[in-house]
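Thank you all for coming. Please have a look at the structure on the screen while I go through a few of its features.

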Amino acid sequence: MRILVTGATGYIGGAVVDALKRAGHQVVGLARSDEARSKLTAKGVQAVQGDLKDPAGLAAAVKDVDAVLWTATSNDKDVDAPAVAAVLGALQGTNKTFLYTSGVWVHGHTQGVANEEAPLNSTPIVAWRPAVEQRALNTPGVRGIVIRPGVVYGNGTGIPAMLTGSVKDSGSVTYVGTGENHWAVVFVDDLADLYVRALEKAPAGTVLLATQGPGVKVKDAAQAASEGAGVAGKTTAWPLEEARKQFGPFADALALDQRFTSEKAEKLLGWAPKGPSLLEELRSGSYARR
């Protein structure tokens, strides 16, 4: 298939582009800047000019593709929602595929291990996402799919890099809250594999959680990060009320207690995550001090 990927030079999008190419698909990447265009060209990916703040331009960009994989976000509902609406409007009635990247934070605290059917109780920073999900799933004549990844890790970047990065400022790994909460996590390459499987096999209207294992206690992640950063045992709890002063609602997202099962993706699509665990990555993998 010929597939347009938004956010093609981003953390998730870059991994998805590579996975799609390995699977034999023709990839077109949305590029907002000359730098992004150059990055895509260097990977042998056709670049098309586009910006989330230009919905009409986005709509025009999807005319000659078979599917759109949406991994871009501005984290601003006033930008993302109109952009998604414009693309879905252009795809309406074509029976083409639109795969939207949401995230597990739309579930809020899970009160145990949850699946896709659990009620949504979005933390404020992503309170706008469920409405965009519904638009993606219910636009007539569009094969809509939604993936809700956990906290993505790997390649030394993403949210877990905040743990190791905090050592520079304080000499210890700082985490938000008590550390007794769990992050639902997913290795970036395994997540990309799920996108390809969903694109190729998932029925219209499918919602999939993408997480590995039952969740990682944040205190354990901080401990592993401290070992990888060479300050073994040095961790510091940052009270949520204080973290909010700097991070705003992002702090509440980091303090969520979330555990999920991805049994649906495993059974429906044969997804079998193979990547190292978050603790391994923090302790001796891509986040560790070399």
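Predicted model: local features only at pLDDT ≥ 70, side-chain atom pairs only at ≥ 80, totals over all residues.

Residues are numbered from 1 along each chain as its sequence is written, and side-chain values use heavy atoms, with hydrogens and water left out.

Let me begin with helix α5, residues 129-138, whose buried residues are Arg129, Pro130, Val132, Glu133, Ala136 and Leu137. These residues cover an arc of only 160° around the axis, which puts them on the same side of α5; the arc is that of the directions from the helix axis to the C-beta atoms. By buried I mean under 20% relative accessible area, by exposed over 50%, and by partly exposed in between, with a 1.4 Å probe and protein chains only. Helices (H or I, at least four residues) and strands (E, at least two) are DSSP runs, numbered from the N terminus. On the face of α5 turned away from the buried side we find the exposed residues Ala131 and Asn138, whereas the buried residues of α5 pack against α4 (77-91), β5 (96-101), β7 (142-149) and β12 (206-210).

Next comes Val68, which sits in strand β4, residues 67-70, and is buried, with a relative accessible area of 1%. What is Val68 in contact with, leaving aside its neighbours within four places in sequence? With contact meaning heavy atoms within 4.5 Å, the partners of Val68 are Leu4, Val62, Val87, Leu91, Thr97, Phe98 and Leu99.

Now to the pockets. A pocket here is an open set of points on a 1 Å grid over the protein atoms alone, where a 1.4 Å probe fits, with protein on both sides within 12 Å along at least five of seven lines, and its lining residues have an atom within 4 Å of a point. The largest pocket holds about 1100 Å³ of space, and of the 40 residues that line this pocket, Thr71, Ala72, Thr73, Asn75 and Arg129 are the closest to its centre. Helix α1 (11-22) gives the largest share of that lining, three residues, and by class the lining has 20 nonpolar, 16 polar and four charged residues. For these classes, Ala, Val, Leu, Ile, Met, Phe, Trp, Tyr, Cys and Pro count as nonpolar, Asp, Glu, Lys and Arg as charged, and the others, Gly among them, as polar.

The second largest pocket has about 260 Å³ of space and is lined by 15 residues, with Met162, Ser166, Thr174, Trp238 and Phe247 nearest its centre.

Finally, the aromatic rings. Rings of Phe, Tyr and Trp (its six-membered ring) pair if their centres lie within 6.5 Å, and planes under 30 degrees apart count as stacked, over 60 as edge-to-face and the rest as tilted. By this rule there are five aromatic pairs. The rings of Tyr153 and Phe187 have centres 5.5 Å apart and planes at 55°, so this pair is tilted. Tyr153 lies in strand β8 and Phe187 in strand β11 (residues 185-187), so the pair ties together parts that are 34 residues apart in sequence. Both Tyr153 and Phe187 are buried. Phe247 and Phe250 form an edge-to-face pair, 5.6 Å centre to centre with 65° between the planes. Phe247 counts as partly exposed at 24% relative accessibility, and Phe250 is buried at 19%.

Notes: Points joined across faces, edges and corners; volume = space filled by probe spheres on them.
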